[in-house]
Amino acid sequence: MPKSQIIEPQEERKGGKLVCPEIPLNQYAGTPEQELEIYGADALVGIYEDMFLIREFETMLQEIKTQGVYQGIEYDHKGPAHLSIGQEAAAVGQSFLLGPEDHVFGSHRSHGEILAKGTSAIRKMEDDNLQSVMETFLGGDCLRVVEKESSESVKDLARDFLLYGALAEIFARAAGFNRGLGGSMHAFFPPFGVYPNNAIVGGSADIATGSALFKKVNRKGGLVIANIGDASMGCGPTWEAMNFAGMRQYDELWDESMRGGLPIIFNFMNNFYGMGGQTSGETMSFDALARVGAGVSPDAMHAERVDGYNPLAVVDAIRRKRELLEKGDGPVLLETITYRFSGHSPSDASSYRVKEEIESWQAIDPLERFAAELKRIGAMDDAAAEAIGEKTRVAMAKACRLATDLEASPRLDSETIGDLMFSNRPRESYDEARDPELLLPHDDNPRVQALAKKSRAGIVDGKPVSKNKVFQYRDAIFEAILHRFEKDPTLVAYGEENRDWGGAFACYRGLTESLPYHRLFNSPISEAAIVGTAVGYGLEGGRALVELMYCDFMGRAGDQIFNQLAKWQSMSAGILEMPVVLRVSVGSKYGAQHSQDWCAVVSHIPGLKVVFPATPYDAKGLLNTALAGSDPVVFFESQRLYDIGELFEPEVPADYYEVPMGPPAKRRSGNDLTLITVGATLYRALEAADQLQERYGMSCDVFDCRSINPLDYEPLAESVRRTGKVLLSSDACERGSVMQDIATNLSQLTFDYLDAPPVVVGSRNWITPCAEVEEDFFPQANWMLDAIHERIVPLPGHQVSTNPTTGELLRRNRNGV
């Protein structure tokens, strides 16, 4: 929404035709002789050696999985094994020119890419650097296993280290690259530029885009490759990622020094099948996948189909595409055609394809054909080929023997997993060597100046301060964000309306004046890409603050929140951190698709911290805490609260402070009943507490569970043990809500002290109705009084206005409402 870009009706209504660039298909015209002249015999033989290594690795896994034995080594592997036999040339050709600074993300079928990128890095790194990497990674645990057996050189040792670390990870061993917590489909090794592989089809697309965003924003070298399958072209997040990577603002709005697209290649490993669906002619609309690039950008993403059965063709393509990225002409789309000889997994009998098709691809086996070409040009003879095979099989047997031996390679104690769910590290900045890029000094920011004139106390002389004069909840959000922008140079914020507009609820108003475009920008309305790119940005070592305008939109980013944001810290065994804060607002007045509280959905997912502040003081303090940490935080905010002032603390301090996650806030003290709330329902509960005191002489403890996960139950349990009675309420639909979870736990913690079962008063299990009748949907003070009267303790003379009886509870559940 920048005012510098004027949309002219005359221009937009003008007649004409779009002309799309030609998209090359298998145009490589080089010869082995030419490549021999450029790279030398050792390099070309190295390509063959790496291809053979991948073939043997995958063959070993296939034999272990289907026969339970490899070279006499018996093992029962219970996990998955998605093999890439036949796809070796595509992986090795891609990695040939890449260094450790180039980061490759993969899919569930990426064993070959791990090995190819790893061996490429080993060849390029100095021995001292390699030795240091092995000694320091995971405290040297992986190295200690492999170094017990002799290796001829540091590079040979590093190769053994790579084979063992990857295989130990697949076999769930503590010395695996990710302590066995990632396994076959998620293994990775950052020191070699091997970044997380992803079990979700297309899952790496937006994460890799976030990695490329990190490199661009923080001026880091290297490119990023998202290796995803042809079937991922049918996944929405893949399209969102490609569009995000090619946003026109990079060229038209970002500062001159930051111009150019993201340095990323979307490499579609096209083996023509997605599970049992054939992408060629059955499940996709394209004839050649590379055609899709024309639908994303005017330059068609420099799309090209490459023959992935010829490693030299892939080397050439990566060389040319890298030159484009270095000039700022990204993103790039590559369709690398290949073929898997085996099924989707060892349990797949390939009943969806004919034997003749498989045999026709095996007849041009890239490993055998490349060996024949090397022999033809004199780069390798039969003896050398046999020596490579023998050396590889010996190394593979050693890795397999060590990785299957429980004494040499024990498994991680399962209880340790709990300690790895969160990193819990305070981080003032993710780059202390660099000053944050800002456009204004703090005191010159117009909103800072305006807030200096507001009352930071919500009540003065016993009276509420008017909304236009009080420091509001939205102002607290702004102050916390600006503070972290001024401390952490890696911090970026983006969402659907962050810049210029200032956010739909004015929390970001004033940030545009202080921040350059590359630190605060508007994203597409692409919720999956918003969260997925934040994941990639975070795992690279940068802090991201992203926003989904409404809680209801989380469904569009479900995989990214539940499978990616939540899991990569623990699946990496703590190698990665995930300093991402996801802001979501809980609406009202906007009906069924814009007014839902989904706290329970995210708090159910292990690996996410979840908070829901209900006051300006807590909003600033909790956001300060979230933005100074290393863990993913889903930060809920109620639209009912953006314009309120502080009613519980004397004022909201202008200086920096933090509110710890975990402890609930006690808003009122009493002796007769415990009221527990989440979010805006706090204020209805306080109304109910006032009425209980005034009408019935009952005093209440009132708690605000501002932190949902983690949550310290002890203050809640202590109160319930003392009062013997508890009612819980939030704006979420009652069924399956956070309050039900808290009630269940309190039942177990305080059972012997309860005078009545805990009672939950939530919103009705309906769609949220229109604003005019919302009071019939969201909990009200009288609902709470009625529930107390009917199900906890009779209130003398109380006249119920609702039906909170257990009979009504049975009826509603019987009817599913």
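Is Asp 287 buried or exposed? With a relative accessibility of 53%, Asp 287 counts as exposed, because the cut-off for that label is over 50%. Keep in mind that this is a predicted model.

**Helix H15**
- H15 covers residues 382-404, which makes 23 residues.
- From first C-alpha to last, H15 reaches 33 Å, close to the expected 33 Å at 1.5 Å a residue.
- At the N-terminal end of H15 sits a cap, Asp 381.
- A side-chain oxygen of Asp 381 lies 3.3 Å from the backbone nitrogen of Ala 383.

**Salt bridges, pair by pair**
- Side chains of opposite charge can pair when their charged atoms come close.
- The count here comes to 56 salt bridges.
- One of them links Arg 291 with Asp 287, at 2.8 Å from N to O.
- Another joins Glu 437 and Arg 434, whose closest N and O atoms are 4.0 Å apart.
- Both ends of that pair are partly exposed: Glu 437 has 25% relative accessibility, and Arg 434 has a relative accessible area of 22%.
- Arg 721 and Glu 714 also form a salt bridge, with their closest N and O atoms 3.2 Å apart.

**A salt-bridge network**
- Some salt bridges share partners, and in this way Glu 304, Asp 316, Arg 319, Arg 320, Lys 321 and Glu 323 are joined into one network.

Note on methods. Residues are numbered from 1 along each chain as its sequence is written. This is a predicted model: local features need pLDDT of at least 70, side-chain atom pairs count only at pLDDT 80 or more; totals for chains, interfaces and linings use all residues. Side-chain values use heavy atoms; hydrogens and water are left out. Helices (H or I, at least four residues) and strands (E, at least two) are DSSP runs, numbered from the N terminus. The expected span of a helix is 1.5 Å times one less than its number of residues. A polar contact is a pair of N or O atoms within 3.5 Å; within protein, one must be able to donate a hydrogen and the other to accept it, and residues adjacent in sequence count only if both atoms are side-chain atoms. A salt bridge is a side-chain nitrogen of Lys or Arg within 4 Å of a carboxyl oxygen of Asp or Glu. Buried means under 20% relative accessible area, exposed over 50%, partly exposed in between (1.4 Å probe, protein chains only).
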